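Please keep the viewer open while you go through the points.

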Amino acid sequence: GLQVGDVLTRIADTPITTAAEAAAVIRDLKVGDTVAVEVQRAGETLTVDAVLTARTPQMSVAPFPGNGFGITYNDSDKSWQLNSIAEDSPLYAAGLRSGDVITLFDGTAYDAVGLRDYLNKLTADEVVLTILRDGETQELTVPAAALDALNIFGLNFGDQSFQIPFGSMMGMSGVRLGVEFLVLDDQVAAENNVSQTEGALLTTIIDGSPAATAGLKVNDIITAVDGDKVDQERTLRDRLLAYEPGDTVTLSVLRGDETLDVEVTLEQVAMSDLMPFFEGSGFNFQFPQPPQPAQPLLEGAAL
């Protein structure tokens with residue numbers, strides 16, 4: 001029975017004044033526990049009982065200049081909820097409203113990676129969205145161009161385009177390698193003067209990271225993880241999603257004319273690695289000013 005606008009003041013016996021305090025209390029509880037939650041609503045103090053469930057990965061994007069919406073992805077059912085939507089945005093003009101939950105795009109549910117690929121390859125003029133609105137399911141046909149705003153992996157700031165480092169967005173999934181990299185294809189290879197057209201071209205090695213400890217270097221090209229090929233469809237970030245902190249993987253690496261096998265022990269990603277992409281709560285992307293990189297998509301900034 002909690003509502004948007006409620007102010008959380010207590011969980012069980014612990015007063016809450018910050019999001020960090022709330023998170024700390026929840027971390028000490030177990031799935032299935034019933035907990036009393038106290039909130040302030042319209043000047044009244046209310047207490048409700050909530051049964052804790054397993055946390056599902058979520059990714060929220062705050063409204064951006066030129067996009068005019070806030071959206072939350074819920075991995076448990078691959079749904080996309082519009083938290084806010086400006087009346088002058090293409091999504092609003094297409095008929096979407098704040099609170100709508102998009103469950104299907106042309107009959108298919110997409111996770112974060114799938115939605116990016118779907119939108120990037122979309123050629124149709126219209127898309128049929130299945131949405132939940134006020135508890136009812138309905139279909140809404142929208143211009144495909146309106147969905148450009150939903151491509152949160154290629155946000156537009158006026159006439160500038162910014163590609164969010166995808167690994168930073170999904171860094172909360174677990175493991176950290178400690179690199180930034182470019183996904184190689186013919187164009188990226190030519191722009192970076194390399195002959196290899198598939199794999200991950202390392203552009204940054206983070207000091208003290210597993211990658212640095214293992215001896216990886218800038219301009220190394222990772223072509224496989226434990227023998228599984230790394231390419232445009234199965235990026236380095238995608239390959240590492242299968243592992244957990246503490247796992248040791250063997251990376252196939254091209255270094256100049258040499259082919260190397262490099263063992264790396266992955267570590268837990270820290271919230272500090274995700275800044276400045278996340279607020280302190282860890283859920284809303286924050287860009288004080290429109291960034292202006294002039295380089296291709298950086299996959300895996302928090303890997």
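Buried means under 20% relative accessible area, exposed means over 50%, and partly exposed covers what lies in between, with a 1.4 Å probe and protein chains only. By that scale Arg255 is partly exposed, because its relative accessible area is 21%. This is a predicted model, in which local features need pLDDT of at least 70 and side-chain atom pairs count only at pLDDT 80 or more, while totals for chains, interfaces and linings use all residues. Residues are numbered from 1 along each chain as its sequence is written, and side-chain values use heavy atoms, with hydrogens and water left out.

**Strands and contacts across the sequence**

- Helices (H or I, at least four residues) and strands (E, at least two) are DSSP runs, numbered from the N terminus.
- Arg255 sits in strand β18, which covers residues 248-255.
- Between Arg255 and Ile222 there are 33 residues of sequence separation, and their C-alpha atoms are 9.0 Å apart in space.
- Phe181 belongs to strand β14, residues 179-183.
- Is Phe181 buried or exposed? Phe181 is buried, given its relative accessible area of 0%.
- Phe181 and Ile221 are 40 residues apart in sequence, with a C-alpha to C-alpha distance of 8.9 Å.

**Salt bridges**

- Side chains of opposite charge can pair when their charged atoms come close.
- A salt bridge here is a side-chain nitrogen of Lys or Arg within 4 Å of a carboxyl oxygen of Asp or Glu, and by this rule the count comes to 10 salt bridges.
- One of them joins Glu267 to Arg176, where the closest N and O atoms are 2.4 Å apart. This pair links distant parts of the chain, as Glu267 is in strand β20 (residues 267-268) and Arg176 is in strand β13 (residues 175-176), 91 residues apart.
- Within that pair, Glu267 counts as partly exposed at 29% relative accessibility, whereas Arg176 counts as buried at 7%.
- Another salt bridge brings together the side chains of Arg234 and Asp231, at 2.6 Å from N to O. Salt bridges with shared partners join Asp231, Glu233 and Arg234 into one network.
- Lys30 is exposed, with a relative accessible area of 57%.

**Aromatic pairs**

- Rings of Phe, Tyr and Trp (its six-membered ring) pair if their centres lie within 6.5 Å; planes under 30 degrees apart count as stacked, over 60 as edge-to-face and the rest as tilted.
- How many aromatic pairs does the structure hold? There are 3 aromatic pairs in the structure. The pair of Tyr110 and Tyr118 is stacked because the ring centres are 4.7 Å apart and the planes are at 25°.
- Both Tyr110 and Tyr118 are buried.
- Phe105, Tyr110 and Tyr118 make up one aromatic cluster.

**Negative surface patch**

- Patches are made of residues with over 30% relative accessible area and no salt bridge; like charges are joined within 9 Å, and nonpolar side chains (Val, Leu, Ile, Met, Phe, Trp, Tyr) within 5 Å.
- Asp226, Asp228, Asp261 and Glu263 form a negative surface patch.
- Asp226 is partly exposed, at a relative accessible area of 35%.

- Although Asp134 is not a glycine, it has a positive phi of about 55°.
- Where is Asp134 found? Asp134 is in the loop between β9 (126-133) and β10 (136-143), and it is exposed, with a relative accessible area of 77%.
- Asn193, which is not a glycine, has a positive phi of about 60°.
- The loop between α5 (186-191) and β15 (200-205) holds Asn193, and at 72% relative accessibility Asn193 counts as exposed.

Conventions. Areas by Shrake-Rupley, 256 points an atom, 1.4 Å probe, with all protein chains shown as cover. Lys, Arg positive; Asp, Glu negative; His and termini not counted. Charge placed at Lys NZ, Arg CZ, Asp CG, Glu CD.
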